[in-house]
Protein chains: 2
Amino acid sequence: MVTRIVECVPNFSEGRRPEVIQEIADVIRNVPGVKLLDRSSDVDHNRSVLTFAGEPSAVKEGAFMAISRASELINMEEHKGEHPRIGATDVVPFIPVSGVTMEECVELAKSLGREVADKLRIPVYLYEEAAVTEDRRNLANIRRGEYEGLKKEISLPERHPDFGEPVMHPTAGATVIGARHYLVAYNINLGTSDISIAKKIARQVRASGGGLMFVKALGIMLEDRNIAQVSMNLTDFRRTPMHMVFNLVKTEAERYGVPVIGSEIIGLVPMDALLDVARHYLRLEEFSGEHVLETKIWGSST
Amino acid sequence: MVTRIVECVPNFSEGRRPEVIQEIADVIRNVPGVKLLDRSSDVDHNRSVLTFAGEPSAVKEGAFMAISRASELINMEEHKGEHPRIGATDVVPFIPVSGVTMEECVELAKSLGREVADKLRIPVYLYEEAAVTEDRRNLANIRRGEYEGLKKEISLPERHPDFGEPVMHPTAGATVIGARHYLVAYNINLGTSDISIAKKIARQVRASGGGLMFVKALGIMLEDRNIAQVSMNLTDFRRTPMHMVFNLVKTEAERYGVPVIGSEIIGLVPMDALLDVARHYLRLEEFSGEHVLETKIWGSST
């Protein structure tokens, strides 16, 4: 009876009035079974990102409550900021963390989208894994023209929302809801101050260079330590696991006579990603999170 | 704000009356914040083992409630069984799992011991890490003569309990309370059907053979798979970590031209033991359980 965990990372078009973000954070926090993990606001972008997680149904409720409150507090007619946006609640991705499939997150996105359109009269677009058409997988296509442009074009058939009438909400605009994989920010430090080697390795290991399918990589310099780093985003750690990334970077670095001196995970990482590493190196037969003592204590339904 | 987890594995001198074990299990389960993880009874030994875990104070309360209930339900004057024992509740070890030190578990053992002696009039001996004298680290020394023998000798100064009067409780006898490390049952499978190789490796890697300090090992045969296995108990995974054990067995096996084909963890394992493995192989700099998403959700005090 392990708890099923979904993460949700809604983006709101407000980064200048802390009291507004506080109110939206509060409605999320007040949903039982939901845990607010992080919040960040950017004044120039005039945009905030909240991160919360919990059981799927609780997370969906938290997302609905937040979208509802944001539609009352944020007026897109008055919003200005550098970051592209089409609504008060701009984007809402659901992310499977533990015991939940991507398909379930897609269903969660669709179910929330229907509810937001029906009850709040906000038109909803589905994106990434939840997209109904291929061109809407890409968020940029949906946000083309931003709030002001979409307001004019939403009545065009090709820009009709996936849920709701083809009319912008008078203050909240439109909202994009979807599902995506957990993104692990993983960096590997090299025993060299030659950034060109980090850049070459990055080009080789990332998908666009013929490397690993779910890796985005850049070579950067850590000035304070005077070492080069391969800085990566792992966009699907289940299919391109961390140990595979580590081993490939290590092998590529050897070609330049450069050692891997360390690595780091930025932010939080799902336990499954680390258990995969232990399972791989220890050659564990039949091992899952069910064997971890903490999941028996924490993960039980109470 | 990660939850601190202690495990407790009390042994009771009753393995034939399921209703008695059920009653003891129930008083433990009814303590808020405590989770009963496992129970097992042996008819020949006439003995049962319960495993539960949770916050230190809740676990201590569960242990006290169980000792109290067992003293009412089990009469040592009538108890017979093959396993050595001195009391209704025979042995109570506290085990640090997460966010708790051994020193805290020793304090927990002493505090429970004092309470059991004061309130229940059961004499208490401290053992293993909680032992006050070196000879009482070893449970066998405390249990010498068993219930019947200790009843006669408890008044001798060298057999006086650590807490309470030197008189056996009329029905519950005496109880041993202490603290020990988490025991990980870890087996490594070899690509050979020659058990003599597994035995040689076992002798080499275990502490008694000059190998790793906190490893007990045996070579055994998995008849159904026709392969040999190095079967181990890791008695302190923090000081002798799993990856060190794996690598040493792998290196020793290479000397015989034998590959390691897999490994297995029997029962539950603390998350820290697996994070150590990931930290080692990925050469992670500054990484702890705090970076695991699940601990942020589960491990918060609610």
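Trainee: Why are helix 6 of chain A and helix 7 of chain A called oblique to each other?

Mentor: Helix 6 (residues 195-205) of chain A packs against helix 7 of chain A at an angle of about 130°, with the axes 10 Å apart. Angles under 35 degrees count as roughly parallel, over 145 as roughly antiparallel, 65 to 115 as roughly perpendicular and the rest as oblique, and the pair of helix 6 and helix 7 of chain A is therefore oblique. Axes are lines fitted to C-alpha atoms, for helices over the stretch in contact, and angles run from 0 to 180 degrees between N-to-C directions. This is a predicted model, in which local features need pLDDT of at least 70 and side-chain atom pairs count only at pLDDT 80 or more, while totals for chains, interfaces and linings use all residues. Residues are numbered from 1 along each chain as its sequence is written, and chains are lettered from A and ligands numbered from 1 in the order in which they are written.

Trainee: What makes up the meeting of helix 6 and helix 7 in chain A?

Mentor: From helix 6 of chain A come Ile201(A), Gln204(A) and Val205(A), which meet Leu248(A), Val249(A), Glu252(A) and Ala253(A) of helix 7 of chain A, where contact requires C-beta atoms, placed from the backbone, within 7 Å. These residues divide into 5 nonpolar, 1 polar and 1 charged. The crossing of the two helices in chain A is right-handed, the term for a near helix turned clockwise from the far one by less than a right angle.

Trainee: Why are helix 6 of chain B and helix 7 of chain B oblique to each other?

Mentor: Helix 6 (residues 195-205) and helix 7 (residues 242-254) of chain B pack at about 130°, with axes 10 Å apart, and so they too are oblique to each other. Their crossing in chain B is right-handed.

Trainee: Which elements give two or more residues to the side of chain A that touches chain B?

Mentor: In the interface, 39 residues of chain A are in contact with 39 residues of chain B. The elements on the side of chain A include strand 3 (34-42), strand 5 (89-98), helix 7 (242-254) and helix 8 (271-281), helix 8 of chain A giving the most, with 6 residues. That side of chain A holds 24 nonpolar, 8 polar and 7 charged residues.

Trainee: Why is one side of strand 9 and of strand 11 of chain B left without a neighbour in the sheet?

Mentor: The open sheet has 4 strands in the order 9-10-8-11 (chain B), paired in the antiparallel sense. Strand 9 and strand 11 (260-266) of chain B stand at its edges with a single partner strand each, so one side of each has no neighbour in the sheet. Neighbouring strands are turned by 20° against each other on average, direction ignored. Helix 7 of chain B packs on this sheet, touching strand 8 (184-190), strand 9, strand 10 and strand 11 of chain B, and its direction makes about 25° with that of strand 8.

Trainee: How do you know that strand 9 and strand 10 of chain B pair?

Mentor: Two strands pair if DSSP finds at least two bridges between them, and strand 9 (residues 215-222) and strand 10 (residues 227-234) of chain B are joined by 8 bridges in the antiparallel sense. Along this pairing, Met221(B) stands opposite Ala228(B), and Lys216(B) opposite Asn233(B). The hairpin has 4 residues between these strands, and Asn226(B) takes a positive phi near 55° in it.

Technical notes:
Contact = placed C-beta atoms within 7 Å. Nonpolar A, V, L, I, M, F, W, Y, C, P; charged D, E, K, R; others polar.
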